[in-house]
Amino acid sequence: MLRSIIVQVCPPRQGLHDSLKMFVCGGQLIRSLHTTSTVNKYPEPVDPFVNMPKVGNVNTNPTKHQKMVKDRRPKKNGKTLNVAVLGIPNSGKSTLINRLIGKEVCAYSCKKNTTRKSSRAILNDDDTQIVFLDTPGVVNEKEVKRFKLEESLSRDPEMSCREAHLLLVMQDCSNRFSRESIGPKVLRLLCKYQHRVPMVLVLNKMDVMPQKRYTYDLIRKLTCNTLIDGVGGDIKLSSQDPKWNVESYVKRLQKSMKYEENSEGKDEKDYKKMTYQKILTECRQGPVKDDRANELIKGMIGWPGFSDVFCISAKTGSGLQDLKSYIIDSAKPGGHRFHPSLIHDQDPKEAVINIVKSKLLDNLEREVPFELQPKIQYWTCPDGKCLEIGVLIEVKRARHARKLIGMQGKTINYLANIIEASLIDYFDADVKLILSATLPQSEENKMSLNAIRLENRALNSERHRRENDPYLV
């Protein structure tokens, strides 16, 4: 009996295409090539945001927002400045930018590495446009591999330094383990880019610093007693200074830094005195390679190349007005890059997801928020006044779902309320948020069994109590 089976390998495409078909006929495999003309059976999906009514600001329409971001036509002429914000994880970079912009455009939380990749926030002040580059906390490649982090955490801070006209170095003064020195990963970037961009030290979280009388000594240590283009400050070193002070660092550096032999003396090595001024001179001459930068910053606790220092509290807003005025005054004449109605370049859909993630990180403990994956289900405005957004949180384990939902749904309801409040501020419009969670079928069965066990345990304990208490009827 003759049988014929046709298996199509290539899916149909729009217009002319080559279709490879295999025929199995009488036990023999025959291949033939046909050129055909087909009609696309799967038309491209219609953009749901094309006909969305105008409510709130431009963030409510992601399609319109991204078109404005990608628009490279000349904008208004005036003054402009790119400001990169560097610092170790959880030093307050995103909180500072949100305060300066006046909106929650950068996700932040009490946990480290909330910011996973760089984004731009835009501040427009009359004819001046400031573009803030919010970077992830500076980590090295070893940490990325060890903790399986995204490569953007090690790559984006350095890319932001190349684009910046001004560097703000955030120092967390609330952490007694890290406030006494600038991290070596941050120092390496300062050493590499000293030749092309000015740098400002920003001491953050001054409102929770236990003893503010040590602030002056802290500034002196972090600036190496050198400020304003490498000119030595007039601050006198205290005889009761801690072990990590400027004098002890200079002595260690003089012993460790070795130079090549002079042409006159072949057998003698010249141990020259290395000062901060010489370090700055070398860094300002041109790009410094990674190996050389690591040699220069070896043992350093501060950086002598800062042009100014600000003491602020990004959380309370203390000292921010002076910093904002300084940044605006530092802007240079040039054309604006972004439309004045934009406050950031990130896709609003990603911004909503990041806001949800940040609130999960703030309110759920341990590893639970890191295992949750929120996704947008729908984004509509049916009545032309209120924006309705549905977010589905994918949960992998039943115990994580119990933590997310809480007793009688109190936790997820609280999360929905605070996320909705943040979205109202972000969109400048009324927002109705529907927050839901989903579990794999196997985990749903586990959760149901656990609920049955808990219910049976409660019934058994009640029955036992009634049996042993003679006064209960």
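Which residues of E8 are buried on one side, and which on the other? Met 199, Leu 201 and Leu 203 lie on one face of E8, and Val 200, Val 202 and Asn 204 lie on the other. Both faces are covered, and these residues are all buried. Buried here means under 20% relative accessible area, with exposed over 50% and partly exposed in between (1.4 Å probe, protein chains only). In a regular strand the side chains alternate between the two faces of the sheet.

The model is predicted: local features need pLDDT of at least 70, side-chain atom pairs count only at pLDDT 80 or more, and totals for chains, interfaces and linings use all residues. Residues are numbered from 1 along each chain as its sequence is written, and side-chain values use heavy atoms, with hydrogens and water left out.

Strand E8 spans residues 199-204, and six of its six residues are buried. Helices (H or I, at least four residues) and strands (E, at least two) are DSSP runs, numbered from the N terminus. Two strands pair if DSSP finds at least two bridges between them. E8 runs parallel to strand E7 (residues 166-172), and six bridges join them. Asp 172 has Asn 204 in E8 as its bridge partner. Between E7 and E8 the chain passes through H5, and this β-α-β crossover is right-handed. Right-handed means that, with the strands pointing away from the viewer, the path from the first strand over the helix to the second runs clockwise. E8 also runs parallel to strand E11 (residues 306-311), through five bridges. Here Leu 201 is paired with Val 309 of E11.

Helix H5 covers residues 184-193. Seven of its 10 residues are buried, so H5 is largely enclosed by the rest of the structure. Among the buried residues are Val 186, Leu 187, Cys 191 and Tyr 193.

Leu 96, Arg 99 and Leu 100 of H2 make the contact with Leu 320, Leu 323, Lys 324 and Ile 327 of H10. Contact means heavy atoms within 4.5 Å.

Elsewhere, strands E13 (residues 373-380) and E14 (residues 386-394) pair in the antiparallel sense over seven bridges. Tyr 378 stands opposite Gly 390 in E14. Five residues lie between the strands of this hairpin, and Gly 384 takes a positive phi near 75°.
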